[in-house]
Amino acid sequence: MGVVGDAEKSGGKCGVGGLKSLVRRKQVDSAHTNSTEGGHHGLARALTIPHLIAIGVGSTIGAGVYILVGTVAREHSGPALTFSFLIAGIAAALSAFCYAELASRCPSAGSAYHYSYICVGEGVAWLVGWALILEYTIGGSAVARGISPNLAMLFGGPNSLPWFLARQTIPGLGCVVDPCAAILVFAVTALLCVGIKESTFVQGVVTVANICAMVFVIVAGGYLGFKTGWPGYKLSSGYLPFGADGMLAGASTVFFAFIGFDSVASTAEEVRNPQRDLPMGIGFALSICCTLYMLVSAVIVGLVPYYDMDPDTPISSAFASHGVHWAAYIITVGACTALCSTLMGSILPQPRILMAMARDGLLPSFFSDVNQRTQVPMKGTIVTGILAATLAFFMDVEQLSGMVSVGTLLAFTMVAISVLILRYVPPDEVPLPSTFQGAIDTVSMRYSVSNNSLGDSDMENTKVYHGITTDDSAPISSLIQEETTIEYPLIEKPTPKLNCMNEEKRRKIAGWTIMFTCVGVLVLTSAASSLTLYSLIRFTLCGIGGALLLSGLAVLTWIDQDDARHSFGHTGGFICPFVPLLPIACILINVYLLINLGSATWTRVSIWLVVGALVYIFYGRKNSSLRDAVYVPAAHVDEIYESHSDLVL
């Protein structure tokens, strides 16, 4: 974004307080970070591709698909529901491509929070992490509250659960408590504390049971469809009764059925071969989910005319209309297993988000502790489980479920922006702990001595790094770049002046272009969604936003990407294709969905974000691990680490 281009010379390099702290960025994952932060990296590297597929599919396919097919077909898509799922799957794949590249380059816990901290800045990273905490907490509670009604159906009816599991109303308060939901959350929490490999195995078993139920729907439903001639497709209204607009509206609704694959990225630090396994795990999981969604929807809308579907139990009622009443039990088992698997997928990522934020000093170090025996963040997992169980027991969180989407869509948006920054304006300076000051001075002096042979004119054209004084500490070096010389300059290797100017100009153009592109997306989507605006104003704003968007796409396509992208983070992993088109399309889709979540949802989310801002101002900003960091040119990092190792030895 635009501030990124400017941050290269100011705030992005500063460890000082105030607004500059919002744009300071941490070091990208590398062998150096693993060695210097070895005390923090205690998670077990035990996951392989099958484990990641189990996490991705289990977290994504919830019970919603058992209801969505009826609601969306009746109100939006009609028989074209299959294409709505296909369009939504393609839109989700855009985010998956961005996640795949960043997860393989930066394979540490934290997911979108971690990527935003590296590429954008501390303020945005905190916002993303805080929103993800809300998403996983409410999401897990909402899923748990949905399990008990489905379990009751297996026992014979809505009120057939044993008394100690059934929902009860507290007299005088009117509060409906759900003991079954709380017990299930505690059970999942205990399972996650045992170990990542063990919990993933159980999630895989539950996910396979859910997939078997969906395969039954596809096979048995397909047999009934061929037997009866697919009555749902033989309608006078045609295949698109609501037109193309209805099909697209249905796609925007079912898009949320694909949320969950990002849970795979949160386990990056526990994957044996992240450069290979993470992209494949994300890709296979999303492909399996999209295929199952499309096949189930194709079968169900063909069995029953879309206008006759039961919006609450579309699949069971479709089978019942053909005399197969017993199928309801298999479908209910599938819904229960889907909810249990999704519950695991909702609670699993949050302790790892908390752990990543605590490592960076933005949350208390309590959350960064990793159990030595199980090699999981047990304290964070227990706190997450207690909080989710309390909400599931006391609160009907259905009205708050819309808030879950904010965290996901915000994360998807920032991941796409991070890909653009990585490709065009990757951070060219690296923050190091203040304990490296001796090594930095040694390397600075080495270059100072070697530059004594340079002429005065060469020295004037050489960029150097010098210190500034922070709020409450002694001067530290390498925080702001200026064209001046000091006693021990840490200089860049001399390059032709023309090339230096061209590269500096390219980075400025790219940074501002990314910012104006994002502004154009925001203006375009806001105007397109504001149906109450006067037509002239609305179309004018749409034109301005569209012009900024297309201009940004053209400029980013025309200028070269940064050569430093080839060595950014861990290399040899997945590379996102069609940059800048794919990330910009991803940003456009996610921002449009964010804006259309509704005013009530945004009002609730705003309260949570204000609380988060206060926590950051009074705790996170002051305790950030980057508060006293020393920023040095990326080209000299290896040399500084070698010098530091020599000094330590």
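The count of aromatic pairs in this predicted model comes to 24. One of them joins phenylalanine 83 and tyrosine 239, whose ring centres are 6.0 Å apart with the planes at 85°, so the pair is edge-to-face.

**Phenylalanine 83 and tyrosine 239**
- Phenylalanine 83 belongs to helix H5 (residues 81-105), while tyrosine 239 sits in the loop between helix H9 (196-228) and helix H10 (243-254), so the pair ties together parts 156 residues apart in sequence.
- Phenylalanine 83 has a relative accessibility of 41% and counts as partly exposed.
- Tyrosine 239 is also partly exposed, its relative accessible area being 35%.
- One aromatic cluster is formed by Phe83, Phe226, Trp230, Tyr233 and Tyr239.

**Tryptophan 126 and tyrosine 616**
- An aromatic pair is formed by tryptophan 126 and tyrosine 616, with 5.8 Å from centre to centre and 40° between the planes, and this pair is tilted.
- Tryptophan 126 lies in helix H7 (residues 122-154) and tyrosine 616 in helix H23 (residues 599-623); the pair links distant parts of the chain, 490 residues apart.
- Both tryptophan 126 and tyrosine 616 are buried.

**Helix H7 against helix H8**
- H7, the helix that holds tryptophan 126, packs with helix H8 (residues 179-194) at an angle of about 120°, the axes being 8 Å apart.
- The crossing of H7 and H8 is right-handed.
- On the H7 side the contact involves Ala144, Arg145, Ile147, Ser148 and Leu151, which meet Cys180, Ala181, Leu184 and Val185 of H8.
- By class, the residues in this contact of H7 with H8 are seven nonpolar, one polar and one charged.

**Helix H17 against helix H22**
- Helix H17 (residues 402-424) packs with helix H22 (residues 581-595) at about 155°, with 9 Å between the axes.
- An angle over 145 degrees counts as roughly antiparallel, so H17 is roughly antiparallel to H22.
- H17 and H22 cross in a left-handed sense.
- H17 contributes Val406, Leu409, Leu410, Phe412, Thr413, Ala416, Ile417, Val419 and Leu420 to the contact. Their partners in H22 are Pro583, Ile584, Cys586, Ile587, Asn590, Val591, Leu593 and Leu594.
- The contact of H17 with H22 comprises 15 nonpolar residues and two polar ones, with no charged residues.

Conventions
Residues are numbered from 1 along each chain as its sequence is written. This is a predicted model: local features need pLDDT of at least 70, side-chain atom pairs count only at pLDDT 80 or more; totals for chains, interfaces and linings use all residues. Side-chain values use heavy atoms; hydrogens and water are left out. Axes are lines fitted to C-alpha atoms, for helices over the stretch in contact, and angles run from 0 to 180 degrees between N-to-C directions. Helices (H or I, at least four residues) and strands (E, at least two) are DSSP runs, numbered from the N terminus. Angles under 35 degrees count as roughly parallel, over 145 as roughly antiparallel, 65 to 115 as roughly perpendicular and the rest as oblique. A crossing is left-handed if the near helix is turned anticlockwise from the far one by less than a right angle, and right-handed if clockwise. Contact means heavy atoms within 4.5 Å. Ala, Val, Leu, Ile, Met, Phe, Trp, Tyr, Cys and Pro count as nonpolar, Asp, Glu, Lys and Arg as charged, and the others, Gly among them, as polar. Rings of Phe, Tyr and Trp (its six-membered ring) pair if their centres lie within 6.5 Å; planes under 30 degrees apart count as stacked, over 60 as edge-to-face and the rest as tilted. Buried means under 20% relative accessible area, exposed over 50%, partly exposed in between (1.4 Å probe, protein chains only).
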